Amino acid sequence: MGSFCEMHSNCEVEKLVSDEVSIEKESINRSSIEYAVKDLLLGLGEDVNREGIRKTPFRVAKAFFEGTRGYRQNVLNIIEGALFPEEGLDNTNKIGHGGGVGGLVFVRDIDLYSYCESCLLPFQIKCHVGYIPSNQRVVGLSKLPRVAEAFAKRLQEPQRLANEICLALHEGIQPQGVAIILQCTHIPFPYKDFDSNHKGWVNILVSSGSGVFENKNDDIWSDLFSLVKFRGIDKDKIVIKESLEDQCSNWCPSFKIEEIKYNPIMVNAVSTIIKSLGEDSTRKELIETPNRFLKWLMNFQYASNIDLKMNDSIFNGGVKSTIWSEFNVPFWSQCEHHLLPFYGFVHIGYYNSKGCNQIGKSLLQSIVHFYGFKLQVQERLTKQIAETISSLVGGNVIVVVEASHTCMISRGIEKFGSNTATIAVLGHFSTDIAARTKFLEGIPSVTSFEGQ
């Protein structure tokens with residue numbers, strides 16, 4: 001038998017070799033995603049050498065790997081490294097649920113993002129985790145969100161996510177029971193001809209329980225629901241009977257859109273992305289995912305011009321008269337850096353000339369839609385809307401765009417609840433501080449970014 005030092009040395013060598021293999025495999029998979037993204041960009045009619053999207057394949061590959069890092073995490077190691085004994089957690093004194101001080105432990109409002117396995121779009125989760133300790137075993141509270149995140153950072157659907165978190169915690173902690181409640185929100189699939197693209201957000205409430213929480217009609221669930229009653233959770237609305245397949249069709253908006261045959265090269269590109277993330281692209285739930293993802297992506301196909309019909313309200317050279325305003329014009333767009341959606345509202349102000357009619361809201365919406373439904377950055381979107389309206393009314397325009405970016409939430413710094421405002425001012429608004437202030441102070445103070 002070798003010495004301890006020899007065995008320790010052999011283990012280190014094996015770990016180094018394993019790490020090198022993993023790094024090499026990840027590098028190959030990232031390269032595969034980058035080539036696949038180039039095919040998608042070409043299918044959208046984009047110039048892959050354009051400055052703004054030259055690095056997009058690299059950024060998208062990085063974002064996908066960040067967003068699915070749960071495939072490469074050992075969940076049991078997370079739990080086992082944080083278990084510790086706590087005196088008083090025995091069952092000899094039946095106080096509360098666990099005996100002694102061992103009652104319900106409930107961590108609420110864990111903000112998570114996951115990728116919908118049906119369409120590859122990110123969806124938002126508000127996660128609530130509860131367990132009742134046993135055998136004097138408790139787990140560090142910070143590990144509960146880490147375990148939940150490890151399963152969220154995969155291609156998922158809500159019920160399976162809840163089940164996997166519940167099972168992992170039950171096996172790792174060995175408590176009397178585990179309870180999981182998830183509030184999930186999926187962005188809608190917008191259309192260019194919608195009057196309001198912010199309708200149709202899909203919300204679903206799911207739960208999972210083990211041990212003493214296995215029976216969802218048991219009184220013990222009442223304690224949990226009492227602790228989250230102010231968070232919009234109605235236990236009667238929790239999905240508990242649907243199969244995973246039925247739930248997916250009711251959950252993901254892509255199922256409600258008519259099937260279309262897409263470019264085989266683009267379909268194969270999406271399949272490559274799924275396989276490169278470590279998933280089985282032939283799994284039943286993922287077979288149609290490439291087509292469903294393309295239903296979304298093709299909304300943002302490149303278009304080079306816009307047909308504006310002014311109905312005789314074109315600028316006629318008169319002097320400025322009245323400030324006209326249009327607030328809360330909804331929009332959707334696709335970040336050209338990460339191929340992730342951003343959405344929000346556009347606020348428009350302009351001086352119309354005497355003798356000209358006010359621009360109709362439908363025309364303003366058409367302008368916003370035209371520049372929104374393409375690969376974009378918010379700064380350019382704001383400028384393009386302002387310049388287009390300026391050409392119609394004689395140059396005096398102010399535009400404010402407020403948007404929530406899923407690329408800031410589902411990857412990188414993961415700043416939940418953040419949104420970004422950009423401003424473009426032209427003509428009189430660029431020099432008249434009073435006019436600018438009057439418009440900006442008129443913007444509604446509460447703008448609802450649904451899903452946050």
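Author: Buried means under 20% relative accessible area, exposed over 50%, partly exposed in between (1.4 Å probe, protein chains only). This is a predicted model: local features need pLDDT of at least 70, side-chain atom pairs count only at pLDDT 80 or more, and totals for chains, interfaces and linings use all residues. Residues are numbered from 1 along each chain as its sequence is written, and side-chain values use heavy atoms, leaving out hydrogens and water.

Reader: How many of the ten residues of helix H4 are buried?

Author: Helices (H or I, at least four residues) and strands (E, at least two) are DSSP runs, numbered from the N terminus. H4 spans residues 143-152. Its buried residues are Lys143, Leu144, Val147, Ala148, Glu149, Ala150, Phe151 and Ala152. H4 is therefore largely enclosed by the rest of the structure, the buried count being eight.

Reader: Which helices are included in what covers the buried residues of H4?

Author: Contact means heavy atoms within 4.5 Å. The cover includes strands S2 (105-116), S3 (122-132), S4 (137-139) and S5 (155-156). It also includes helices H3 (75-80) and H5 (158-173).

Reader: Are H8 and H9 roughly parallel or roughly perpendicular?

Author: H8 (residues 264-276) and H9 (residues 289-297) pack at about 115°, with axes 9 Å apart. Axes are lines fitted to C-alpha atoms, for helices over the stretch in contact, and angles run from 0 to 180 degrees between N-to-C directions. Under 35 degrees counts as roughly parallel, over 145 as roughly antiparallel, 65 to 115 as roughly perpendicular and the rest as oblique. H8 and H9 are therefore roughly perpendicular.

Reader: Which residues of H9 meet H8?

Author: On the H8 side are Met266, Val267, Val270, Ser271 and Ile274. They meet, in H9, Thr289, Pro290, Asn291, Phe293, Leu294 and Leu297.

Reader: How far apart are the axes of H10 and H11?

Author: H10 covers residues 361-372 and H11 residues 378-393. H10 contributes Leu363, Leu364, Ile367, Val368, Tyr371 and Gly372 to the contact, and H11 contributes Leu381, Gln384, Ile385, Thr388, Ile389 and Leu392. The angle is about 140° and the axes are separated by 10 Å.

Reader: How many disulfides does the structure hold?

Author: A disulfide is a pair of cysteine sulfur atoms within 2.5 Å. For Cys119, the nearest cysteine sulfur is that of Cys252, 3.6 Å away, and Cys119 is in no disulfide. Cys252 is likewise in no disulfide. The total is zero.

Reader: What is the relative accessible area of Cys252?

Author: Cys119 is buried, at 0%. Cys252 is buried too, and its relative accessible area is 0%.
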